[in-house]
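Please read the points beside the sequence and the structure.

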Amino acid sequence: MSEVSDSDLEAYLDESLPAVEMAGIEAALRREAALRERLVTASGRRDAGVHSLGAIWRRHRLSCPSREQFGSYLLGALSEEEADYIRFHLETIGCRYCQANLADLKSQRLEASDEAHGRRRRYFQSSAGMLRR
Amino acid sequence: MFRGGPRDGSVISEAQLRAQLTTTRQAFSTRQVFSSRGCRRVHAFTPMIGEGMVGNRQFDKVLVDSIRRGDEDAWRELIDRYEGRLLAYVDSRLRNRSSSQDVVQEAFVGFLTSLPNYDGARPLENYLFSIAAHKLTDHLRREGRRPTVPLSPGRSSQASWDLPGRARPASSIVRSGERRELEADALSAAIDAQIQRWKKRGSWRKLMCIELLFVRGLPNKEVAGRLGISEQDVANYKFDFLARLRTVIRKQGLSEDVFPELSQS
């Protein structure tokens with residue numbers, strides 16, 4: 001596996017790297033004591049209150065396109081530059097939140113409305129009792 | 001009062017810092033985004049907001065306020081709006097639909113449980129994703145897929161938590177959790193302002209360069225290779241970006257010691 005950056009280790013702690021990379025780091029952590037040590041150091045830095053630009057950028061989703069922009073992207077209605085940036089953000093940066101938004105938008109076109117409706121009804125029924133009046 | 005941050009010896013209280021952040025947000029106003037749902041589904045819940053299109057943030061605020069009052073239709077609306085993306089996020093890792101649905105359900109319950117502590121400052125989607133991330137992490141640990149990070153650094157001393165540089169050890173600067181949040185918000189606002197400037201000017205290469213450097217932590221040479229630009233260009237963009245952030249941080253009376261990357265050349 002290619003060298004894991006400190007930024008990627010912080011993203012691993014936040015469960016925000018692409019799924020394949022998350023699994024890769026997990027496997028590497030089992031094999032490599034040095035990587036485990038680096039992860040502990042990254043976690044300790046965070047607990048000590050040291051700020052990371054990358055972590056703040058990810059957590060606040062500062063460059064994430066809006067859901068509406070993803071809709072336009074799927075329709076091919078963005079400029080070439082904007083579409084190019086969205087592909088970069090999804091595939092090179094690998095923003096998992098944006099990948100999830102895009103996957104959700106795509107699935108809305110394909111998924112039977114009954115299936116989604118049933119699923120959401122179950123979520124509601126299992127949690128509505130917790131609403132405070 | 002917090003002491004020890006600004007180099008000129010002056011102090012900045014947390015109240016002053018909050019006021020500065022409010023001014024900064026007003027000066028670099030967030031983008032207005034509009035609901036993608038339109039009129040796909042009509043519920044009894046109707047946000048009591050002014051006519052015409054409304055921003056997602058405003059809609060979410062009204063939604064959450066209604067949920068706090070126990071409005072079931074509002075809760076159903078929130079589930080409808082966010083369930084799909086949360087499920088996609090979780091399922092990308094678990095690859096098991098049934099388990100993913102369980103984790104998303106835990107996330108929704110977790111949201112309701114944490115509602116008294118949610119002040120709305122953070123966008124609702126980000127907040128929900130962070131809860132889903134915690135529930136997902138718990139699930140992966142229970143499955144034995146995700147190793148637990150030990151608290152002790154082992155052979156490393158606490159000093160190794162501090163990044164090398166001329167900054168004094170950040171770990172020695174004791175700050176409240178609220179203070180740390182304010183610092184993060186200040187830096188977030190400064191980065192956001194720069195990103196919006198780049199987008200407005202069509203400076204996509206600069207945005208990509210900085211994002212690769214700091215979000216992915218790639219070295220200058222690799223960034224240059226991926227973007228087809230020179231290493232000197234990468235170094236220049238990085239220098240300008242960090243210089244701008246340092247200026248903003250200093251103006252707000254924050255200590256650069258808690259942002260060690262800002263002292264990179």
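1. Chain A has a radius of gyration of 19 Å, whereas a compact globule of 133 residues would have one near 14 Å. The radius is taken over C-alpha atoms, and the globule rule is 2.2 Å times the number of residues to the power 0.38.

2. This is a predicted model: local features need pLDDT of at least 70, side-chain atom pairs count only at pLDDT 80 or more, and totals for chains, interfaces and linings use all residues. Residues are numbered from 1 along each chain as its sequence is written, while chains are lettered from A and ligands numbered from 1 in the order in which they are written.

3. Chain A contains eight helices and zero strands. Helices (H or I, at least four residues) and strands (E, at least two) are DSSP runs, numbered from the N terminus.

4. Chain A is divided into domain 1 (6-60) and domain 2 (67-130), with bounds from an automatic or database domain assignment. The centres of these domains of chain A, taken over C-alpha atoms, are separated by 25 Å.

5. The contact between the chains takes 61 residues from chain A and 63 residues from chain B; two residues are in contact if their C-beta atoms, placed from the backbone, lie within 7 Å. On the side of chain B that touches chain A, helix 3 of chain B gives the most, with twelve residues.

6. Within chain A, of the contacts between residues at least 6 apart in sequence, 67% join residues at least 24 apart.
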